[in-house]
Amino acid sequence: MGILFGLLTALSWGSADFLARFATRRTGTLRATLYMQIVGFLLLTAALPFLGGWGHLADGSGFRPWAWGIFGGALNTFATLAIYRSFEIGKMAVVAPLSASYPVLTLLLSLLTGERLTPARAAGIVCTLLGAVLVARGEASANPASDNSVDSSSPDRGQHAAALRRQGIAWAITAAFAMGFMFWLIGIRIVPVIGAAPAVWLIRLVSGVLTFLVIVVSRQSVAPPAAGARWLVAGVALLDTTAYCLNNRGMQLEQVSVVSVLASLYGAVTVAYAAIFLREHASRLQWFGIAAIFAGILLISR
(Lines give C-alpha, C1' and ligand atoms only; values in the text may rest on other atoms or scores of the structure.)
Protein backbone atom coordinates (compact mmCIF):
# COMPACT_ATOMS: atom_id res chain seq x y z
CA MET A 1 0.00 0.00 0.00
CA GLY A 2 2.91 2.35 0.70
CA ILE A 3 4.06 1.88 -2.91
CA LEU A 4 0.62 2.94 -4.17
CA PHE A 5 0.67 6.05 -1.98
CA GLY A 6 4.08 6.92 -3.38
CA LEU A 7 2.86 6.64 -6.98
CA LEU A 8 -0.29 8.66 -6.25
CA THR A 9 1.93 11.29 -4.66
CA ALA A 10 3.94 11.52 -7.87
CA LEU A 11 0.78 12.02 -9.95
CA SER A 12 -0.55 14.71 -7.61
CA TRP A 13 2.74 16.57 -7.36
CA GLY A 14 3.41 16.40 -11.08
CA SER A 15 0.00 17.90 -11.81
CA ALA A 16 0.44 20.56 -9.12
CA ASP A 17 3.86 21.60 -10.43
CA PHE A 18 2.58 21.89 -13.99
CA LEU A 19 -0.17 24.24 -12.84
CA ALA A 20 2.38 26.09 -10.67
CA ARG A 21 4.26 27.15 -13.80
CA PHE A 22 1.26 29.17 -14.97
CA ALA A 23 0.31 30.37 -11.50
CA THR A 24 3.79 31.77 -10.80
CA ARG A 25 4.04 33.47 -14.16
CA ARG A 26 0.69 35.19 -13.70
CA THR A 27 1.00 35.98 -10.01
CA GLY A 28 4.70 35.82 -9.13
CA THR A 29 6.54 33.21 -7.10
CA LEU A 30 5.96 34.73 -3.67
CA ARG A 31 2.26 35.54 -4.03
CA ALA A 32 1.49 32.22 -5.70
CA THR A 33 3.29 30.40 -2.88
CA LEU A 34 1.52 32.44 -0.21
CA TYR A 35 -2.01 31.83 -1.47
CA MET A 36 -1.26 28.21 -2.30
CA GLN A 37 -0.24 27.71 1.33
CA ILE A 38 -3.28 29.60 2.65
CA VAL A 39 -5.79 27.71 0.50
CA GLY A 40 -4.11 24.40 1.32
CA PHE A 41 -4.20 25.20 5.04
CA LEU A 42 -7.92 26.08 4.91
CA LEU A 43 -8.77 22.95 2.91
CA LEU A 44 -6.86 20.73 5.31
CA THR A 45 -8.38 22.45 8.36
CA ALA A 46 -11.82 21.54 7.03
CA ALA A 47 -10.73 17.98 6.19
CA LEU A 48 -8.77 17.09 9.34
CA PRO A 49 -11.81 16.08 11.43
CA PHE A 50 -12.49 13.43 8.77
CA LEU A 51 -8.82 12.38 8.66
CA GLY A 52 -8.43 11.57 12.33
CA GLY A 53 -8.10 15.03 13.87
CA TRP A 54 -5.01 16.97 14.92
CA GLY A 55 -3.16 13.97 16.37
CA HIS A 56 -0.31 14.72 18.76
CA LEU A 57 -0.69 18.47 18.21
CA ALA A 58 -3.75 18.49 20.47
CA ASP A 59 -3.43 15.47 22.74
CA GLY A 60 -1.25 16.96 25.46
CA SER A 61 2.07 15.81 23.99
CA GLY A 62 3.62 19.20 24.72
CA PHE A 63 5.66 21.47 22.50
CA ARG A 64 7.87 18.81 20.88
CA PRO A 65 5.47 17.96 18.00
CA TRP A 66 4.96 21.68 17.36
CA ALA A 67 8.71 22.32 17.35
CA TRP A 68 9.35 19.61 14.76
CA GLY A 69 6.44 20.85 12.65
CA ILE A 70 7.66 24.44 12.76
CA PHE A 71 11.12 23.36 11.66
CA GLY A 72 9.61 21.29 8.84
CA GLY A 73 7.48 24.25 7.81
CA ALA A 74 10.55 26.48 7.56
CA LEU A 75 12.29 23.92 5.34
CA ASN A 76 9.15 23.55 3.25
CA THR A 77 8.92 27.30 2.73
CA PHE A 78 12.46 27.52 1.42
CA ALA A 79 12.10 24.44 -0.79
CA THR A 80 8.75 25.57 -2.22
CA LEU A 81 10.00 29.07 -3.03
CA ALA A 82 13.08 27.60 -4.70
CA ILE A 83 11.20 25.12 -6.86
CA TYR A 84 8.45 27.57 -7.83
CA ARG A 85 11.09 30.11 -8.82
CA SER A 86 12.71 27.47 -11.02
CA PHE A 87 9.33 26.75 -12.64
CA GLU A 88 8.77 30.46 -13.21
CA ILE A 89 12.02 31.18 -15.05
CA GLY A 90 13.28 27.78 -16.23
CA LYS A 91 12.17 25.15 -18.73
CA MET A 92 9.84 22.58 -17.20
CA ALA A 93 11.46 19.72 -19.12
CA VAL A 94 14.79 20.58 -17.46
CA VAL A 95 14.04 21.90 -13.97
CA ALA A 96 11.38 19.29 -13.14
CA PRO A 97 13.71 16.26 -13.34
CA LEU A 98 16.49 18.19 -11.60
CA SER A 99 14.26 18.98 -8.64
CA ALA A 100 13.02 15.37 -8.71
CA SER A 101 16.55 14.14 -7.97
CA TYR A 102 16.09 14.96 -4.28
CA PRO A 103 15.81 11.25 -3.25
CA VAL A 104 19.59 10.96 -3.67
CA LEU A 105 20.08 13.02 -0.51
CA THR A 106 17.10 11.42 1.23
CA LEU A 107 18.52 7.99 0.51
CA LEU A 108 22.03 8.88 1.67
CA LEU A 109 20.69 10.31 4.92
CA SER A 110 18.51 7.24 5.40
CA LEU A 111 21.59 5.09 4.87
CA LEU A 112 23.50 7.00 7.51
CA THR A 113 20.63 6.48 9.95
CA GLY A 114 20.36 2.72 9.50
CA GLU A 115 18.77 1.82 6.15
CA ARG A 116 20.80 -0.56 3.95
CA LEU A 117 22.00 0.41 0.48
CA THR A 118 21.69 -2.31 -2.19
CA PRO A 119 23.92 -2.37 -5.30
CA ALA A 120 20.94 -1.28 -7.43
CA ARG A 121 20.38 1.78 -5.25
CA ALA A 122 24.08 2.64 -5.35
CA ALA A 123 23.92 2.52 -9.15
CA GLY A 124 20.79 4.66 -9.02
CA ILE A 125 22.59 7.38 -7.07
CA VAL A 126 25.37 7.44 -9.67
CA CYS A 127 22.87 7.63 -12.55
CA THR A 128 20.89 10.43 -10.91
CA LEU A 129 23.96 12.54 -10.17
CA LEU A 130 25.29 11.97 -13.69
CA GLY A 131 21.92 12.95 -15.12
CA ALA A 132 21.89 16.18 -13.14
CA VAL A 133 25.34 17.08 -14.47
CA LEU A 134 24.29 16.35 -18.06
CA VAL A 135 21.13 18.44 -17.77
CA ALA A 136 23.06 21.39 -16.37
CA ARG A 137 25.86 20.99 -18.92
CA GLY A 138 23.39 20.74 -21.77
CA GLU A 139 21.68 23.96 -20.71
CA ALA A 140 24.97 25.82 -20.44
CA SER A 141 25.95 24.84 -23.99
CA ALA A 142 22.48 25.08 -25.56
CA ASN A 143 21.92 27.50 -28.40
CA PRO A 144 19.46 30.13 -27.18
CA ALA A 145 18.06 30.46 -30.69
CA SER A 146 16.74 26.92 -30.51
CA ASP A 147 14.24 27.86 -27.81
CA ASN A 148 10.87 29.00 -29.13
CA SER A 149 10.61 31.59 -26.38
CA VAL A 150 13.79 33.40 -27.50
CA ASP A 151 13.84 36.01 -30.23
CA SER A 152 16.97 35.14 -32.22
CA SER A 153 16.92 38.61 -33.80
CA SER A 154 17.67 40.14 -30.40
CA PRO A 155 21.04 38.99 -28.96
CA ASP A 156 20.47 40.82 -25.68
CA ARG A 157 17.10 39.20 -25.22
CA GLY A 158 18.55 35.80 -26.07
CA GLN A 159 21.37 36.22 -23.56
CA HIS A 160 18.90 37.33 -20.88
CA ALA A 161 16.68 34.30 -21.56
CA ALA A 162 19.70 31.98 -21.37
CA ALA A 163 20.74 33.56 -18.07
CA LEU A 164 17.25 33.00 -16.69
CA ARG A 165 17.34 29.35 -17.73
CA ARG A 166 20.66 28.89 -15.92
CA GLN A 167 19.19 30.52 -12.84
CA GLY A 168 16.24 28.16 -13.14
CA ILE A 169 18.65 25.21 -13.03
CA ALA A 170 20.39 26.65 -9.95
CA TRP A 171 17.06 27.07 -8.16
CA ALA A 172 15.99 23.53 -9.12
CA ILE A 173 19.20 22.05 -7.70
CA THR A 174 18.79 24.12 -4.54
CA ALA A 175 15.21 22.86 -4.21
CA ALA A 176 16.41 19.27 -4.65
CA PHE A 177 18.84 19.58 -1.75
CA ALA A 178 16.25 21.28 0.46
CA MET A 179 13.58 18.69 -0.31
CA GLY A 180 15.99 15.79 0.12
CA PHE A 181 16.75 16.84 3.67
CA MET A 182 13.15 17.85 4.40
CA PHE A 183 11.58 14.53 3.37
CA TRP A 184 14.18 12.55 5.28
CA LEU A 185 13.33 14.64 8.34
CA ILE A 186 9.58 14.28 7.75
CA GLY A 187 9.88 10.51 7.47
CA ILE A 188 12.06 9.81 10.51
CA ARG A 189 11.08 12.62 12.88
CA ILE A 190 8.05 14.74 11.98
CA VAL A 191 5.43 12.18 10.92
CA PRO A 192 6.20 9.79 13.83
CA VAL A 193 5.69 12.51 16.45
CA ILE A 194 2.81 14.41 14.79
CA GLY A 195 0.96 12.13 12.37
CA ALA A 196 0.59 12.19 8.59
CA ALA A 197 -2.16 14.77 7.92
CA PRO A 198 -1.55 16.91 11.06
CA ALA A 199 2.09 17.30 9.97
CA VAL A 200 0.94 18.74 6.63
CA TRP A 201 -1.50 21.04 8.43
CA LEU A 202 1.23 22.51 10.64
CA ILE A 203 3.70 22.78 7.77
CA ARG A 204 1.09 24.66 5.73
CA LEU A 205 0.44 27.03 8.64
CA VAL A 206 4.12 27.78 9.22
CA SER A 207 4.90 28.08 5.51
CA GLY A 208 2.06 30.53 5.01
CA VAL A 209 3.23 32.76 7.86
CA LEU A 210 6.87 32.70 6.74
CA THR A 211 6.00 33.42 3.11
CA PHE A 212 3.87 36.36 4.22
CA LEU A 213 6.81 37.72 6.24
CA VAL A 214 9.13 37.37 3.25
CA ILE A 215 6.69 39.33 1.10
CA VAL A 216 6.37 42.07 3.71
CA VAL A 217 10.13 42.37 4.24
CA SER A 218 10.73 42.52 0.48
CA ARG A 219 7.97 45.15 0.20
CA GLN A 220 6.01 43.28 -2.41
CA SER A 221 2.27 43.20 -2.89
CA VAL A 222 0.12 40.75 -0.95
CA ALA A 223 -2.91 41.37 -3.13
CA PRO A 224 -4.89 38.23 -4.01
CA PRO A 225 -4.25 36.72 -7.44
CA ALA A 226 -6.20 38.12 -10.36
CA ALA A 227 -9.46 36.41 -11.21
CA GLY A 228 -7.90 34.48 -14.07
CA ALA A 229 -5.17 33.04 -11.84
CA ARG A 230 -7.21 32.14 -8.78
CA TRP A 231 -8.34 28.76 -10.09
CA LEU A 232 -4.70 27.94 -10.90
CA VAL A 233 -3.58 28.73 -7.35
CA ALA A 234 -6.52 26.78 -5.91
CA GLY A 235 -5.67 23.80 -8.11
CA VAL A 236 -2.04 23.88 -7.02
CA ALA A 237 -3.11 24.10 -3.38
CA LEU A 238 -5.48 21.14 -3.63
CA LEU A 239 -3.07 18.90 -5.53
CA ASP A 240 0.04 19.84 -3.54
CA THR A 241 -1.66 19.42 -0.17
CA THR A 242 -3.10 16.07 -1.26
CA ALA A 243 0.36 14.96 -2.40
CA TYR A 244 1.91 15.80 0.98
CA CYS A 245 -0.78 13.86 2.82
CA LEU A 246 -0.32 10.83 0.53
CA ASN A 247 3.46 11.05 0.88
CA ASN A 248 3.35 11.20 4.67
CA ARG A 249 0.89 8.32 4.89
CA GLY A 250 3.09 6.28 2.58
CA MET A 251 6.06 6.89 4.86
CA GLN A 252 4.10 5.36 7.70
CA LEU A 253 3.64 2.18 5.68
CA GLU A 254 6.92 1.84 3.76
CA GLN A 255 10.60 2.79 4.00
CA VAL A 256 11.25 6.53 3.77
CA SER A 257 13.75 6.09 0.94
CA VAL A 258 11.36 3.98 -1.17
CA VAL A 259 8.39 6.34 -0.84
CA SER A 260 10.60 9.37 -1.51
CA VAL A 261 11.91 7.85 -4.72
CA LEU A 262 8.46 6.87 -5.97
CA ALA A 263 7.08 10.30 -5.10
CA SER A 264 9.93 11.92 -7.01
CA LEU A 265 8.56 10.43 -10.21
CA TYR A 266 6.43 13.58 -10.26
CA GLY A 267 9.19 14.91 -12.50
CA ALA A 268 8.17 12.42 -15.18
CA VAL A 269 4.57 13.60 -14.95
CA THR A 270 5.60 17.26 -15.24
CA VAL A 271 7.94 16.59 -18.16
CA ALA A 272 5.19 14.67 -19.94
CA TYR A 273 2.78 17.57 -19.48
CA ALA A 274 5.41 20.05 -20.71
CA ALA A 275 6.15 17.97 -23.80
CA ILE A 276 2.47 17.38 -24.64
CA PHE A 277 0.94 20.77 -23.87
CA LEU A 278 3.88 23.20 -24.08
CA ARG A 279 6.03 21.38 -26.66
CA GLU A 280 9.15 22.47 -24.79
CA HIS A 281 12.49 21.72 -26.42
CA ALA A 282 15.50 20.17 -24.70
CA SER A 283 18.87 19.38 -26.27
CA ARG A 284 19.95 15.81 -26.97
CA LEU A 285 22.46 15.97 -24.12
CA GLN A 286 19.71 17.13 -21.77
CA TRP A 287 17.45 14.28 -22.84
CA PHE A 288 20.27 11.85 -22.01
CA GLY A 289 20.53 13.52 -18.63
CA ILE A 290 16.79 13.37 -18.06
CA ALA A 291 16.77 9.68 -18.99
CA ALA A 292 19.68 9.04 -16.60
CA ILE A 293 17.83 10.80 -13.77
CA PHE A 294 14.72 8.70 -14.24
CA ALA A 295 16.79 5.52 -14.66
CA GLY A 296 18.52 6.35 -11.40
CA ILE A 297 15.20 6.97 -9.68
CA LEU A 298 13.92 3.58 -10.82
CA LEU A 299 17.10 1.83 -9.65
CA ILE A 300 16.89 3.54 -6.27
CA SER A 301 13.32 2.27 -5.86
CA ARG A 302 14.37 -1.39 -6.29
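These questions and answers go through a core, a pocket, a cavity and one serine of a predicted model.

User: Why is Ser-86 called buried?

Analyst: Buried means under 20% relative accessible area. Ser-86 has a relative accessible area of 0%, so Ser-86 is buried. This residue lies in helix 3.

User: Which residues is Ser-86 in contact with, leaving aside neighbours within four places in sequence?

Analyst: They are Val-95, Gly-168, Trp-171 and Ala-172. Contact here means heavy atoms within 4.5 Å.

User: What makes a set of residues the largest nonpolar core here, and which members touch the most others?

Analyst: Members must be buried, of listed types such as Leu or Tyr, and joined through side-chain atoms within 4.5 Å. The largest such core has 80 residues. Trp-13, Leu-98, Tyr-102, Met-179, Phe-183, Ile-186 and Tyr-266 touch the most other members. Helix 7, residues 155-194, gives the most to this core, with 15 residues.

User: What does Ile-186 contact, leaving aside neighbours within four places in sequence?

Analyst: Ile-186 is in contact with Val-191, Pro-192, Ile-203, Asn-248 and Met-251.

User: Why is a space called a cavity, and how many cavities of 30 Å³ or more are there?

Analyst: A 1.4 Å probe fits in a cavity but cannot get out. The count comes to two cavities of 30 Å³ or more. The largest cavity holds about 140 Å³ of space. Of its 14 lining residues, Trp-13, Ile-83, Met-179, Asp-240 and Tyr-244 are the closest to its centre. Helix 3 supplies the largest share of the lining, five residues.

User: How do you know which classes line the largest cavity?

Analyst: Residue type decides: Trp and Ile, for example, count as nonpolar, and Asp as charged. By class, this lining has ten nonpolar, two polar and two charged residues.

User: What makes up the lining of the second largest pocket, by class?

Analyst: Ten lining residues are nonpolar, two are polar and none is charged. Among them are Leu-98, Ser-101, Thr-128 and Phe-177. Helix 5, helix 6 and helix 7 each give two or more residues to its lining.

Note on methods:
Residues are numbered from 1 along each chain as its sequence is written. This is a predicted model: local features need pLDDT of at least 70, side-chain atom pairs count only at pLDDT 80 or more; totals for chains, interfaces and linings use all residues. Side-chain values use heavy atoms; hydrogens and water are left out. Buried means under 20% relative accessible area, exposed over 50%, partly exposed in between (1.4 Å probe, protein chains only). Helices (H or I, at least four residues) and strands (E, at least two) are DSSP runs, numbered from the N terminus. On a 1 Å grid over the protein atoms alone, a cavity is a set of points where a 1.4 Å probe fits but cannot get out, and a pocket is an open set with protein on both sides within 12 Å along at least five of seven lines; lining residues have an atom within 4 Å of a point. Grid points are joined across faces, edges and corners, and a volume is the space filled by probe spheres set on the points.
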